[in-house]
Amino acid sequence: MSEQTSDQMTTQYSTQIKMFSALHPRPKDRTFTYGTAGFRLLGSLLDSVVFRVGLLAGLRSRKLKSQTIGVMITASHNPPADNGVKLVDPQGEMLEASWEVYATKFANAVAEDELVSEYFAVAKALQIDLATPANVIFARDTRESGPALVAALKDGLSSSGVEYKDYGILTTPQLHYIVKCINTANSSTPYGTPSEIGYYEKLSAAFKTILAGKGKPPVVTVDAANGVGGPKLDELAKYIGAEVLDVTVVNDDTATVEKLNHQCGADFVKTQQQQPLGLEPKPWALHASLDGDADRIVFYYVDELNKFFLLDGDKIASLAAVFIRDLIKVSALDLEVGVVQTAYANGSSSAYLKDTVKVPVKVTSTGVKHLHHAAQLFDIGVYFEANGHGTVLFSPSAIKTLETAEAQSPAQKDAITTLLSLADLINQTVGDALSDLLMVITILTYMRWGPQEWNRAYTDFPNRLVRVVVPDRYVFKTTNAERVLVEPVGLQAEIDALVKKYNCGRSFVRPSGTEDAIRVYSEAASRLEADELAKKVADLVQAWPL
Ligand code: G16
């Protein structure tokens, strides 16, 4: 193929794309948008979108000198009938934001001719040589609509001459991991073995190294949301060994498709602030919930009266930040740890991080794609959304500093090796529920803490997240990391007036990027006030003339 000229490729792809695209017609009454985490909607409406994502993935690979691009088919925390598709860049990061516009253009091209002209227009505008080989790998979660969408994706890839490999069913972070492994295989810093087994080996080895001689880790029960995370966690646990990690997985029924995320999983637990269906918590023990594609995790416990305590993404960020800050102090190295949050971060967590832990805190818009880049600006960047989506990034220079440091004492040596093992244990590509689970267990083991001690760091302001369905969510426009609504004009002033009436009140409104709804967040000094404020703001949004 590489011997063919660009002109020959143009003719060949033009014919093939038109022919295959006709098999994947675009629904006429829909407009598609590449949102917070790619395209998300009813699985039955996604066929044409996924086909076209295949075309774009090939172009992206060609643009980046044949590096491997990932395509993940998942709707993560959304209901079973939904599905979605997102692209993964060569270092395992989310698709570069400037390409989202092409994804949206491809998805919305009306007829085959328009799609083909968009395809060649992007190739021309970005000076992409169509004779350059393209490589794409992909995987899916356990949803029923997955196999048909994979077939559409394969058509998109084949019609535009892309080499591909199907990795079957994986968690989203496993695909991100494999993409990075493939693209770094021939570099001086290969990330790991590019396979699912390689992933288990890397994480389990780091976990065992870091915990050697540190005592018995806490026992944990994990609700897997009846998604892909269940079988994959079972597999990871085998590599670690029951003598090291005592984990019980519940809600691991991936065969009954309608059970996926149904009254269980990280999103349910976080938004409902209650334990999931199918899990009877034992007092004071550690419990966790994954979401449908295992890229988010939240923890919780109950007391002897069954009172529920949530340890969400903010609590995970705080735990990690304190642990890493203390290790850096002992290591005596010149490294800075910082934290990245979104507007959803509990005000109490941000104050604790800034005033007590004394680490820099940055706020970005929702979406790991935003947090990830902000975290890369620190030597060690901890980023977590309150919903439990996040990770800890070690910059290449921080790794170099750690690798070349000469320890002057056993304590210093231990701190340095622990930091290096953490960098192996924590998925460096994207938020990963399984890797985060091991990180939290590691820290609790080091600290000799149970969930109750972990929870003591600060007390959350009571908060409430409400979902409001409106005729057109795209009418809502925000600024200042989504904390202020600029459109519809006048609505923010009304929200501000309401907020003023509540002790420690805070509330904001933003359109979801993954669901057809508006999200309303509120927090206040008491549960009653937080609930009332959320309801009043939600009513205001609902009644606003659009
Ligand atoms: C995705 C994104 C997250 C985001 C979440 C909700 O998560 O990766 O960063 O917080 O959607 O976004 P929104 O409020 O815009 O709907 P997931 O786990 O669904 O992939």
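Two strands pair if DSSP finds at least two bridges between them. The views below come from a predicted model.

**View 1. Strand β9 and its partner β8.** β8 covers residues 286-290, and β9 covers residues 297-302. The two strands pair in the antiparallel sense. Four bridges join them. In one of these contacts, leucine 290 has isoleucine 297 of β9 as its bridge partner. Six residues lie between the strands of this hairpin. Among them is alanine 294, with a positive phi near 60 degrees.

**View 2. Strand β9 and its partner β10.** β10 spans residues 308-311. β9 and β10 run antiparallel, with four bridges between them. Valine 302 has phenylalanine 308 of β10 as its bridge partner. This hairpin has five residues between its strands. In the turn, asparagine 306 has a positive phi of about 70 degrees.

View 3. Is β9 mostly covered or mostly open? It is mostly covered: six of its six residues are buried. One side carries Ile297, Phe299 and Tyr301. The other carries Val298, Tyr300 and Val302. Both faces are covered.

View 4. β14 takes in residues 390-394. Five of its five residues are buried, so the strand is largely enclosed by the rest of the structure. Gly390, Val392 and Phe394 sit on one side, and Thr391 and Leu393 on the other. β13, residues 380-384, runs antiparallel to β14. Five bridges join the two. Tyrosine 383 has threonine 391 of β14 as its bridge partner. Five residues lie between the strands, and glycine 388 takes a positive phi near 95 degrees in this hairpin.

View 5. The structure holds 18 aromatic pairs. Tyrosine 177 lies in helix α6, and tyrosine 191 in the loop between α6 and α7. They are 14 residues apart. Both tyrosine 177 and tyrosine 191 are buried.

**View 6. An edge-to-face pair between helices.** Which two parts does this pair tie together? Phenylalanine 323 lies in helix α10 and tyrosine 446 in helix α15, so the pair ties together parts that are 123 residues apart in sequence. The ring centres of phenylalanine 323 and tyrosine 446 are 5.3 Å apart, and the planes stand at 75 degrees, so the pair is edge-to-face. Phenylalanine 323 is buried, as is tyrosine 446.

**View 7. Arginine 60 over tryptophan 99.** Arginine 60 lies over the face of tryptophan 99. The distance to the ring centre is 4.8 Å.

**View 8. A buried arginine with no salt bridge.** Arginine 26 lies in the loop between α1 and β1. This residue is buried yet has no salt bridge. Aspartate 29 is the nearest side chain of opposite charge, 6.9 Å away. What does the side chain of arginine 26 reach at 3.2 Å? The backbone oxygen of asparagine 108 lies there. The backbone oxygen of arginine 30 lies 2.7 Å from a polar atom of the arginine 26 side chain.

How values were computed. Residues are numbered from 1 along each chain as its sequence is written. This is a predicted model: local features need pLDDT of at least 70, side-chain atom pairs count only at pLDDT 80 or more; totals for chains, interfaces and linings use all residues. Side-chain values use heavy atoms; hydrogens and water are left out. Buried means under 20% relative accessible area, exposed over 50%, partly exposed in between (1.4 Å probe, protein chains only). Rings of Phe, Tyr and Trp (its six-membered ring) pair if their centres lie within 6.5 Å; planes under 30 degrees apart count as stacked, over 60 as edge-to-face and the rest as tilted. A charge sits over a ring if NZ of Lys or CZ of Arg is within 6 Å of the ring centre and within 35 degrees of the ring normal. Lys and Arg count as positive and Asp and Glu as negative; His and the chain ends are not counted. A salt bridge is a side-chain nitrogen of Lys or Arg within 4 Å of a carboxyl oxygen of Asp or Glu. A polar contact is a pair of N or O atoms within 3.5 Å; within protein, one must be able to donate a hydrogen and the other to accept it, and residues adjacent in sequence count only if both atoms are side-chain atoms.
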